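Please open the structure in your viewer and follow the stops below in order.

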Amino acid sequence: MAASQIIFIFSAALIIASAVMVVSSRNLIHAALWLIAALFGVAILYAVLDAGFLAVVQVVVYIGAIAIMFIFAVMLTHRDMRDSGVQVNPGWPLAAVLSLLTFGGLFAILSKWNGLGNLPAPIPGTTNTLAQLGLALTSPDAYVLPFEVASVLLLAALIGSVYVAMNKK
Amino acid sequence: MIPLNWFLYLSAALFSIGLFGVLARRNAVAILLSVELMLNAVNINLVAFWRYGNTASMAGQVFAIIVFAVAAAEVAVGLSLIYSIYRRRGTIIADELDLMKW
């Protein structure tokens with residue numbers, strides 16, 4: 001087996017095991033920490049897929065900002081149901097059946113498609129995918145409009161969340 | 001070299017685990033954690049299709065970056081809503097928040 005396959009299997013096992021812990025652990029702080037492990041595995045996969053910039057963004061934005069914000073939220077709302085009490089709805093077997101059906105359906109659709117054994121074409125040594133990504137995000141021929149709309153969305157969401165969480169007394 | 005289907009099956013599994021978390025967990029913060037898992041599954045797919053398709057067009061990576069921005073916005077708004085609900089009602093258990101239930 002090639003080295004990249006071994007790295008993939010290691011990080012896939014890390015992602016799946018951490019994701020199962022995220023949805024099953026009783027303590028929410030532990031769930032947030034397992035989420036960090038899963039996000040780190042996804043960052044490894046981005047590096048395997050030659051998307052180094054996205055791997056760095058995953059670590060900085062997801063692990064550095066979003067996961068830490070989750071830990072803050074867990075600490076601010078900690079009094080509820082710490083380790084005691086049921087953590088799942090009464091209807092959780094139905095949810096398990098539904099998610100297994102989703103996985104089975106996706107698996108069936110994917111195994112019928114015939115592009116699955118595709119191997120990646122090697123990226124030519126002269127192309128700089130990071131420069132291409134920067135150009136694609138700023139050139140009017142490509143994705144400058146979605147990029148700006150995303151930044152406006154982020155600004156609106158941040159102002160909105162400050163307003164919602166503000167103590168109005 | 002890794003075949004494309006490894007990535008697709010992994011992201012299908014991750015999406016299903018996240019879906020189970022969204023449907024089954026009672027705590028609103030845990031539901032948001034599971035939504036993050038689902039968004040990451042989508043991002044793995046986007047980046048894998050970019051790498052195995054036409055790498056000269058950066059569409060896959062650009063969409064992955066937009067998913068990052070949307071995820072950050074979703075977490076900010078979601079967590080501040082949860083915090084606000086917690087201050088007013090003293091609970092963040094999803095099935096006790098039935099104010100708008102008919």
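A nonpolar core is a set of buried Ala, Val, Leu, Ile, Met, Phe, Trp, Tyr and Cys residues joined through C-beta atoms within 7 Å; buried denotes 20 or more other C-beta atoms within 10 Å of a residue's own, with C-beta atoms placed from the backbone. This is a predicted model, in which local features need pLDDT of at least 70 and side-chain atom pairs pLDDT 80 or more, while totals for chains, interfaces and linings use all residues. Residues are numbered from 1 along each chain as its sequence is written, with chains lettered from A and ligands numbered from 1 in the order in which they are written.

Select A:L35, B:V29 and B:V47 to begin: these have the most contacts inside the largest nonpolar core, which has 76 residues. Its largest share, 15 residues, comes from α2(B).

Stay with B:V47. Its partners, not counting residues up to four places away in sequence, include A:Y46, A:L49, A:A51 and A:L54; contact requires C-beta atoms, placed from the backbone, within 7 Å.

Next, display the whole contact between the chains, to which chain A gives 73 residues and chain B gives 61 residues. On the chain A side, α4(A) makes the largest contribution, 11 residues.

Technical notes
Two residues are in contact if their C-beta atoms, placed from the backbone, lie within 7 Å. Helices (H or I, at least four residues) and strands (E, at least two) are DSSP runs, numbered from the N terminus. A residue is buried if 20 or more other C-beta atoms lie within 10 Å of its own, exposed if 12 or fewer, and partly exposed in between; C-beta atoms are placed from the backbone.
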